[in-house]
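Biologist: I have a model open and want to learn how to read it. Can you walk me through the features?

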There are 2 protein chains.
Amino acid sequence: MQLSDLDTPALVIDLEIMERNLARMADYAAAHALRLRPHTKTHKIPALARRQLDLGAVGLTVAKVGEAEVMQASGSPELLVAYPIIGRTKLDRLCKLNPALELTESLDSEVAAKQLSDAAAAAGRTIQVLAEVDVGLGRVGVTPGESLRTLAEAINRLPGLQFAGIAFYPGHIKRMDEEATGLLRRLGTLLDQAIGDLERAGFPVRIVSGGSTPTLLRSHEVSRLNEIRPGTYIFNDWNTVACGACAIEDCAAAVLTTVVSTSVQDQIIIDGGSKTFSSDRLQGSAEPSFGYLQASPEAVFGKMNEEHGFIDIRETGRTWSVGDKIRLIPNHVCVAVNLHEQVYGLRGDTVEEIWRVEARGKLQ
Amino acid sequence: MQLSDLDTPALVIDLEIMERNLARMADYAAAHALRLRPHTKTHKIPALARRQLDLGAVGLTVAKVGEAEVMQASGSPELLVAYPIIGRTKLDRLCKLNPALELTESLDSEVAAKQLSDAAAAAGRTIQVLAEVDVGLGRVGVTPGESLRTLAEAINRLPGLQFAGIAFYPGHIKRMDEEATGLLRRLGTLLDQAIGDLERAGFPVRIVSGGSTPTLLRSHEVSRLNEIRPGTYIFNDWNTVACGACAIEDCAAAVLTTVVSTSVQDQIIIDGGSKTFSSDRLQGSAEPSFGYLQASPEAVFGKMNEEHGFIDIRETGRTWSVGDKIRLIPNHVCVAVNLHEQVYGLRGDTVEEIWRVEARGKLQ
């Protein structure tokens with residue numbers, strides 16, 4: 001099957017770029033002795049998780065129990081659920097995963113720890129737990145100091161749980177720029193204090209797990225950090241470019257669309273909108289812009305409805321006809337993948353792989 | 001099964017409100033002798049399409065061939081594909097639908113008409129065609145006058161096609177307000193001229209199909225309009241309230257979530273973000289706001305990531321605990337439904353129906 005045989009809209013992956021992205025991150029983690037536990041939320045495909053493991057990943061990260069269930073097929077020896085799982089139904093499902101699988105969960109409350117402990121004890125299972133620390137984003141995570149010690153103590157005390165370290169997500173570092181240097185330094189100091197404090201209280205911190213896309217390749221500058229959980233790096237997207245973490249040539253995923261209307265002057269309509277790309281805005285951009293048109297970067301994909309993409313072609317100096325196909329790099333590839341039943345892996349113009357997005361829409 | 005048994009996040013439908021919404025629109029259409037061809041993109045569920053037909057809908061509207069395939073199960077005598085279908089693969093699938101089904105397509109180019117004609121002729125099928133007219137939104141649709149006459153002529157000439165009338169979408173009328181009165185009047189004048197022009201050229205206009213949510217219940221004021229294709233009315237959403245077309249009490253659909261973290265002061269985190277609600281903004285609102293918390297309207301759902309909803313509770317005067325469940329009305333219910341594998345129909349606190357979202361993610 002060739003690229004030209006694909007009906008649209010379709011999410012296509014340039015395999016060469018993807019493989020380069022995978023190798024780059026594996027090499028980086030190895031060079032700095034960082035544990036690599038890729039977040040599978042970006043691709044949602046066990047076969048791609050397998051590739052990450054084959055390149056040296058120590059395990060995988062997921063956000064939902066439903067994703068963990070699907071990712072068992074990757075053959076990973078272990079899984080980190082980087083989300084506080086609340087409610088017995090989900091926790092029982094978690095504890096029913098393959099008993100050979102080492103499970104870790106990050107959580108930020110005694111309620112979550114107690115619920116996990118009850119389910120683990122009932123299932124006769126031991127679960128590793130990372131205490132989630134808020135390092136500046138203000139989303140989940142306890143404040144370092146007394147709250148963190150109290151949480152570690154609760155985890156340590158509860159049956160079926162083993163305190164394994166800390167997790168954090170520095171989502172407040174938005175760009176790879178001058179300011180990031182200072183923010184990373186402050187992050188290092190905060191972690192040193194938090195870890196020292198825990199260790200003095202008698203809780204050895206084996207795993208220090210964190211990082212975010214913009215400053216991923218500077219993770220080694222944060223002294224005690226020993227594990228990264230990147231997701232987006234496998235494909236990258238326009239946000240990754242916009243935050244300075246990669247070049248447009250490093251974007252492996254694009255949405256292939258067809259021009260369905262040219263009735264309005266200076267504009268073309270493509271057969272993909274919010275149901276195909278998601279309506280996630282481009283980070284750090286005041287003007288809405290929903291995808292990067294590789295072949296004509298002057299085109300502005302500034303508006304969308306569910307099934308219609310509006311592309312302003314005024315500045316492109318060219319025209320398109322109904323039936324022409326157009327590839328666009330999405331703003332946020334993780335949510336775009338979640339909208340597609342399958343993705344197509346291209347080697348040049350040949351469709352070499354068709355992967356079902358098996359963990360798509362696993363909300364629970 | 002009771003509401004309290006549902007795991008989260010889950011999309012729940014208040015059946016009493018939904019039934020009231022369905023009846024109101026059916027009554028309105030009947031009172032004004034308007035053909036009602038509901039757009040199924042909102043619910044994506046054949047069983048709900050069946051209810052619309054049982055209440056007097058003449059047929060159904062879809063946007064994609066994949067949706068048409070699924071909606072055959074509703075038993076509708078006819079389907080309108082309100083989207084220009086480009087490419088032989090999709091058109092062959094369209095023509096392979098149950099031969100007893102009367103098919104209509106709206107389109108805005110001779111290329112689309114020619115492609116449809118080729119596929120219809122090859123399949124020995126006659127397809128009704130509506131010429132799509134741009135009435136001010138600037139999305140798809142030809143300009144009334146010469147372009148429209150030329151398109152009607154092409155449709156009329158091509159084998160396998162029957163010119164049935166015109167379609168339009170007045171998406172430029174954003175609110176039910178004073179300004180809308182003038183815009184509706186201008187729309188009526190524009191349609192009168194376009195139709196008169198077509199009829200003088202020898203193309204009888206049987207169907208005049210259009211309307212949009214904000215001014216739906218004023219469709220009868222537009223003199224020649226004889227068909228409406230509403231979608232959102234079955235559930236309504238926060239956008240419908242925001243544009244003045246319904247009250248919050250008319251919103252049947254909500255996302256049931258669980259509080260998973262209360263670590264940050266004045267804020268709670270719920271287990272639903274852009275993967276559950278979609279990242280569609282609230283129309284006409286400068287500040288981001290992603291859902292309406294019925295039990296505490298002062299709460300501000302102002303930020304989200306894929307799996308995290310950030311709710312600012314400062315102005316609510318109350319607190320929540322990890323494990324508490326919260327119902328929120330989404331901004332845009334159509335895209336939210338598309339993210340869920342199933343929806344739950346509630347009668348009071350009893351789960352009376354579980355519907356699979358069968359046309360979910362039909363991108364092609």
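Modeller: We will take helix packing, then the chain contact, then single residues.

Biologist: What should I know before starting?

Modeller: This is a predicted model, where local features need pLDDT of at least 70, side-chain atom pairs count only at pLDDT 80 or more, and totals for chains, interfaces and linings use all residues. Residues are numbered from 1 along each chain as its sequence is written, while chains are lettered from A and ligands numbered from 1 in the order in which they are written.

Biologist: How do I read two packed helices?

Modeller: Two packed helices are described by the angle between their axes and the distance between the axes. Helices (H or I, at least four residues) and strands (E, at least two) are DSSP runs, numbered from the N terminus. Axes are lines fitted to C-alpha atoms, for helices over the stretch in contact, and angles run from 0 to 180 degrees between N-to-C directions. Now the case in chain A. The axes of H4(A) and H5(A) come within 9 Å and cross at roughly 45°. That makes H4(A) oblique to H5(A). Angles under 35 degrees count as roughly parallel, over 145 as roughly antiparallel, 65 to 115 as roughly perpendicular, and the rest as oblique.

Biologist: Which hand does the crossing of H4(A) and H5(A) have?

Modeller: A crossing is left-handed if the near helix is turned anticlockwise from the far one by less than a right angle, and right-handed if clockwise. The crossing of H4(A) and H5(A) is right-handed.

Biologist: Which residues of H4(A) and H5(A) meet?

Modeller: Contact means that two C-beta atoms, placed from the backbone, lie within 7 Å. From H4(A) come A:Arg88, A:Leu91, A:Asp92, A:Leu94 and A:Cys95; they meet A:Gln115, A:Leu116, A:Ala119, A:Ala120 and A:Ala123 in H5(A). By class, the contact of H4(A) with H5(A) has seven nonpolar, one polar and two charged residues. Ala, Val, Leu, Ile, Met, Phe, Trp, Tyr, Cys and Pro count as nonpolar, Asp, Glu, Lys and Arg as charged, and the others, Gly among them, as polar.

Biologist: At what angle do H4 and H5 of chain B pack?

Modeller: H4 (residues 88-95) and H5 (residues 110-123) of chain B pack at about 45°, with axes 9 Å apart. That makes H4(B) oblique to H5(B). H4(B) passes H5(B) in a right-handed crossing.

Biologist: And how do H6(A) and H7(A) pack?

Modeller: Helix H6 (residues 146-157) and helix H7 (residues 178-200) of chain A pack at about 45°, their axes 10 Å apart. So H6(A) is oblique to H7(A). The crossing is right-handed. A:Leu148, A:Arg149 and A:Ala152 in H6(A) meet A:Ala194, A:Asp197 and A:Leu198 in H7(A). That contact has four nonpolar, no polar and two charged residues.

Biologist: Which residues of H4(A) are buried?

Modeller: A residue is buried if 20 or more other C-beta atoms lie within 10 Å of its own, exposed if 12 or fewer, and partly exposed in between; C-beta atoms are placed from the backbone. In H4(A), A:Lys90, A:Leu91, A:Leu94 and A:Cys95 are buried. They cover an arc of only 135° around the axis, which puts them on the same side of H4(A). The arc is that of the directions from the helix axis to the C-beta atoms.

Biologist: What do the buried residues of H4(A) pack against?

Modeller: Their partners in chain A are helix H3 (65-71), strand S4 (78-81), strand S5 (102-107) and helix H5 (110-123).

Biologist: How many residues of chain A are in contact with chain B?

Modeller: 47 residues of chain A are in contact with 47 residues of chain B. H4, H5, strand S10 (253-261), helix H9 (274-277) and helix H10 (333-337) of chain A each supply at least two residues of the side that touches chain B. By class, that side of chain A has 18 nonpolar, 18 polar and eleven charged residues.

Biologist: Now a single residue. Is A:Pro9 buried or exposed?

Modeller: A:Pro9 counts as buried, with 25 C-beta neighbours inside 10 Å. A:Pro9 lies in the segment before strand S1 (10-14) of chain A. Not counting residues up to four places away in sequence, A:Pro9 touches several residues, including A:Val255, A:Asp271 and B:Leu363.

Biologist: Where is A:Ala242?

Modeller: A:Ala242 lies in helix H8 (residues 238-242) of chain A. With 19 C-beta neighbours inside 10 Å, A:Ala242 counts as partly exposed. The C-alpha atoms of A:Ala242 and A:Ser285 are separated by 8.7 Å, yet the two are 43 residues apart along the chain.
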